[in-house]
Amino acid sequence: MNDCSQIEIDQELQADKKIVLAGNPNVGKSIFFNYLTGIYVSVSNYPGTTLDISSGKMGDAVVFDTPGVYGVGSINDEERVARDFIMSADIIINVVDASHLERDLFLTQQLLDMDKTMIVALNMMDEVEKNNISIDIDALEAELGVPVIPTTAAKNRGLDKVKHAVDKARKGNSIFNNGQAENHAQAFKNIKEEFRELNKKTANTADTLMLLEEDENIRCQYDSLASISDYREEIYTARRQRVDQITAEVLSYDQESGQLARKIGAYMLKPVTAVPLLLVLLYLIYQFIGVFVAQTVVGITEEMIFVETYEPFMRGIISSTIGLDNFIGELLAGEYGILTMAVTYIFGLLLPLVAGFYFLLSILEDSGYLPRIAVLMDRMLQKIGLNGRAIIPMLLGFGCVTMATITTRLLGTKRERIIAIFLLGLAIPCSAQLGVIAGLIAQLDLFYVIVYVLAIFAVYVLAGTFLNKVLPGESSDLLIDLPPIRLPDLKNVLSKTYQQTVAFVKEAGPIFVLGAALITVMEATGLLALITRAAEPVTVNWLGLPAEAATAFVMGIIRRDFGAAGLTAIALSPAQITVALITLTLFVPCIAAMMIMVKERNFKEAVYIWFGSWITAFITGGLVNLLIF
Amino acid sequence: MTLVDMKNGHKFIIDKIDDKQTRLQALRFGISEGSEIECAGSMPGGPVILKKNLQEIAIGRRTAEKISVKKKGMV
């Protein structure tokens, strides 16, 4: 990304006054957003990212909620998006976690340095009281030079005061103002001089600051300006000093205050207690997703609502209008019909699973446990070229590989994304497939189950290690903030789940429809039968399976669970079931996941992944067949 | 001495952060050369957890090895 583009905010959202909510991650910005805007909210995707920006009206002004960031810059998508909104804002409501002032005020000070008109909502005052911290709010207000309003948004305290204070927003004390000159060394005085000179040539102070902070996107908009000095580190250091000076003045702690959440947080990271806790959590996740959602809920939505009620109804309409025995009828309501199978698959099967996964993920995220799991898993994931953060797409992969592939965007480097996407496509069975696999494997002895699990795990580790060795470059290291452990707010969890689920359906839905259409075409043209026949030598001779099993593999190309389900129709010995399941699990990702991979990476890489899966699946299946049986 | 040598409960001062990106990121989180930090845990072979007042951050092993520290009181 070396273009100068900044986002174009939708025309319909252009207003006389743009109010932007800005703050670090997990400080409660969305609660403010919901309070200020009420129910008429629109969510729009920020082009080229997973990031959705909510916007809504407050009187004549439009309010935007931005992604949580620790500073304004261009380190990742979140920062670039937040930067563009912040720079175009007329008024900023900076939400600050009062129990993490030292961290949060860095962003606040940066906004002040940009000369933004703003107010500060000092949120989570309840945490501050619980932790026996005291904050001199008047002193803080005087130091910052902008209104500071104490709030506890989760308990609805102070929100109305923030709303009223928006009119009192003003510009505050920048580190480039003369007031703090005595605190800085001579070197910084020179920077200030350059800042003032440069400021005469730019459109506004925010641009000036970003130019000196080496922001490549902003710099390339000013490429006519002669050389601009690189002062990011000097400015960051001065800002950090200023923030430390402010906090030293306004904060006082009672360090020794014993506190339950803190202790729980510590237990989640002490290996002796952390491992059993994680196992209990995994068991609960399995019970919720694997048993409750995948069986009970999907049993109702997929079977009762869609297969038994919706599909016959749809087929009835099509057969009485277009007819089912022609190509269009097949395309719409045939075996892989886009109005029958695709709809059932998206809404009956995937929707409950994806919603279930996002619900759990939101709870883990809001409770502060997720970053701790990332810390626990970091060492293992480092060995396959990933870091602890990759645990999120890996967990989601068990729900839906397509959904997980989208979330690999949160990984730090291109290299990590390639590794994660390949491993997801190769060795993580999605929930739809897991359901069928569990049914087949349940009839087998423990020995076969162990062979299956070990084979998949071995391939996962070997493939990851291999990619880590051959891919050039180095993966990024873990550097994350551990938020305090807190009880998640149900309303917030539900609204996050809703937003993410809707985003998933919007993004992946059309792709499932396209995939279904593609298969109908393949079948109508005889391509499907051709592939089945061509694959026979491999299935029979190398894997030791009956010839019909080839059909199961071809089905697996379409939807992974189809493949596994295709096996139930064939009489197989336990050894054959094991080999077939291993091969199928490792086999190509479904068509929707493939299309997302093309979209997320590019066609070439997706094809590599696709053929890589073929080769890995058949080699592993054949080896297991030779070695054990 | 680097960060990886720190055990839970150790208090120390950050002496030098070699990598520029890490230095900038750490500045945002409130940790800079010269700050007083407490170690709040360390995964065997994995990340080190740092604590400054109520703020906790986890730093990957490779980065932690590049951050040198000195004991409080040492010059």
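Predicted model: local features only at pLDDT ≥ 70, side-chain atom pairs only at ≥ 80, totals over all residues.
Two strands pair if DSSP finds at least two bridges between them.

Entry: I looked up strand 2 (residues 36-42) and strand 3 (residues 48-52) of chain B and found four bridges joining them, with the strands running antiparallel. Opposite B:Glu38 I found B:Lys51, which sits in strand 3. These two strands make a hairpin with five residues between them, and there B:Gly45 has a positive phi near 70 degrees.

**Entry: strands 3 and 4.** Next I followed strand 3 on to strand 4 (residues 55-59) of chain B; they pair antiparallel over five bridges. B:Lys51 turned up again, this time opposite B:Glu56 in strand 4. This hairpin has two residues between its strands, and B:Asn53 in the turn shows a positive phi of about 55 degrees.

**Entry: stepping back.** I then checked what else chain B holds: two helices and five strands. Along the sequence I read them off as β-α-β-β-β-α-β.

**Entry: overall shape.** How does the radius of gyration of chain B fit with a compact globule? A compact globule of 75 residues would come out near 11 Å, and chain B has 11 Å, so the two agree. I also looked at the box filled by the C-alpha atoms along the principal axes, and it is roughly 25 × 25 × 25 Å.

**Entry: burial and contacts.** I noted that 51% of the 75 residues of chain B count as buried. Of the contacts with a separation of 6 or more, 54% link residues 24 or more positions apart.

Key
Residues numbered from 1 in each chain as written. Chains lettered and ligands numbered in written order. Rg over C-alpha atoms; globule rule 2.2 N^0.38 Å. Buried ≥ 20, exposed ≤ 12 C-beta atoms within 10 Å, placed from the backbone. Contact = placed C-beta atoms within 7 Å.
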